[in-house]
Every structure is written in structure tokens, then in C-alpha cells.
Amino acid sequence: MIARRTALGLVLATPALAQEPWPRRPLRLIIPYSPGGSTDTVARLMAERLSRALGQPVVAENRPGLAGSIGVDAVAKSAPDGHTLVVATTNQAINETQQLRRPFRLMTDMAPVAMMDSFPFALAVTNALPVRSVADLVAYAKANPGVLNYASSGTGAALHLTMERLRSYAGIEMQHVPYRNYAEGRTALIAGQIQLLFDATFTLTPLIRAGQIRGIATTGLQRAAMLPELPTLAETWPGFQAALWNGLMAPAGTPEPVLDRLNREVNAILAEPEMIAAHERLGAVTLPMTRTAFRDFLLAEIETNAAILRGAGVQPE
């Protein structure tokens, strides 16, 4: 009889264990980049708001390296209990094609949680270039094939692929000059050592306003609030869109109810006027999505970036 009661108690206890309250302890939010950048800034804003919404601290931790892959790999290997999250960015969709030897696959080892935001880019040229519009740029490039040099933060990086997308849409020839980081490229643009680049709207706006460089377009589907006088590239080529985006992912196998709860909480936070305003000050827009929509978005980004990499002749590492 005692044995039967013990067995019955175990059976009855199983559902209770499965429904154990979550979160049970502080959460970790891994930011796979160095402190101070746009991803770090918005991730820490989200961590603060999630802490209040979940009733547990959400501790942000920077794990930079290998274009974000080191931080994502650490989360992929974490317990799938909903207490460890990572910020996935544009680079992760690029790395899925570019870094074939990394020890995880984004869409099988990770679970999409929620999209957060999008940071459209601005396209700027050096003041010495006789170009004041997209049409001017295309005409100049076609009249001077291969003369224009553009900067990026490295081969295969988001800004490199954005310029390759522009080159493909416009049917023009340009030379790629990779720099170690964005700051070096901006300095080269101001000095006239290179002729054009894409960079975050928030970063380029002060330089454009100060007359150090000339802005000619932005890459969102709508005009940027910071630079409303500049047309979008979509106004010239419908469908042209490029941005740095940030979303949250968890280890594969994280319980569905936990993922659903996180998605609801994140979307509610993104809809708050204060959060929208904070993103606008950074030149970004909030992008709440369902988990399914975010997953579809990731798959489309991976496919698009793979096609651009192939077209640019960039070999996987």
C-alpha cells in the first residue's frame, strides 16, 4: 500500500513540476557586442523594463566576439529553462551563411522570442563629390565606372552588404574598402579618402548637420525622423530596405508557455510611449512581432543576405 501511494504521489506531482512558476530566479540577457553601441543601449533598456514586468532582475551581460557568435553560442549551450536570453542582430542572419564552422545553427539551436527594433541607415558622400541625390550618384558612378570607393566595417558586415545591395539595384561599379570599424570609415569619408558609405542614421546625423559630409538618402521604408529631408532609397527602388535590427532569442527547447509570455511582455513594452520615444532619439523604430512573424523574418533575412553574399563573391569562412 505504501508503495502504491508513493507511486501515485509521483504521478500527481509531475503536472505540478511541469507548471512550476516562471521565472524562478534572475534572468541573464547576453549582449554579444561591446558596451556602448546601439544594440547595447536598447538591450539594457529592454532588460530594465523586463525586470519590472517579470518581477525578477534581468541582468545584461556583454559577451562580444566573432561578430556576435560567441555570445549566441554561449546561450545556445545554456539550459533551455527561460532564464537565459540573447540579443540576435542583423549579423546573425549574415553569419548563418558566412560562418559555416561555428558550433551552432541559428534556426535549429535557438528559438525566436521577439523582434525589438530596427535602425535604418543613412547614405552619405564626401563633400568633394559632385553628388546631391541618388540620381546624381548613379549618373556619376555610371560615367566613372569603378572610380568610387565605399567604406564598410569589414567584408561581409551589414554595411558592406547594404552597399552591395545598392550597387546591384543601381547597376553600378564601385570599389569596397573595408575598415576595422565604423569610426575609421567615417574619418576617411570626412577626409575624402573614400567617397561614400552607409552608417547608422543616429551616428551620421550630427556630421551631416555640421556640414562635414553630405547625406543623400536613408534605408527605411519611411523617411527618418532625424533626417526627414532625405528621401528613402525605396522612393527610387520600391522594396529597397536595409537596417540593423535587434531581437531576442532563447535556447531551443525552451518551454512554449515561457516563450509566449516573453513575447507578450516584450511587445507590450515596445508599445509604451516612453519606449517608442527612446528609440526615436536613437534613430530607431520599435517593431513588435508575434513569434511566428519573427521566425519568418529571420528566415527571409538569412536567404536575402546569402544571395547578396553570393552576388558579391564573398566566400564563407
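## The largest cavity

The largest cavity is lined by A151, S152, S153, L159, N181, Y182, G185, R186, L197, F198 and D199, where a cavity is a set of points, on a 1 Å grid over the protein atoms alone, at which a 1.4 Å probe fits but cannot get out, and lining residues have an atom within 4 Å of a point. This is a predicted model, in which local features need pLDDT of at least 70 and side-chain atom pairs count only at pLDDT 80 or more, while totals for chains, interfaces and linings use all residues. Residues are numbered from 1 along each chain as its sequence is written, and side-chain values use heavy atoms, with hydrogens and water left out.

The volume of the largest cavity is about 40 Å³, counted as the space filled by probe spheres set on the points, which are joined across faces, edges and corners. At least two lining residues come from each of β5 (149-152), α8 (182-191) and β7, helices being DSSP runs of H or I with at least four residues and strands runs of E with at least two, numbered from the N terminus.

## The nonpolar cores

The largest nonpolar core has 30 residues, of which L123, L166 and L196 touch the most other members; such a core is a set of buried (under 20% relative accessible area, 1.4 Å probe, protein chains only) Ala, Val, Leu, Ile, Met, Phe, Trp, Tyr and Cys residues joined through side-chain atoms within 4.5 Å. β4 (110-125), α6 (134-143), α7 (158-170), β7 (196-200) and β8 (214-218) each contribute at least two residues to this core. A second, separate core of 25 residues includes L50, A111, V258 and V266.

Notes. Buried < 20%, exposed > 50% of the residue type's maximum accessible area, 1.4 Å probe, protein only. 1 Å grid on protein atoms, 1.4 Å probe; cavity = no way out; pocket = protein on both sides within 12 Å on 5 of 7 lines; lining within 4 Å.
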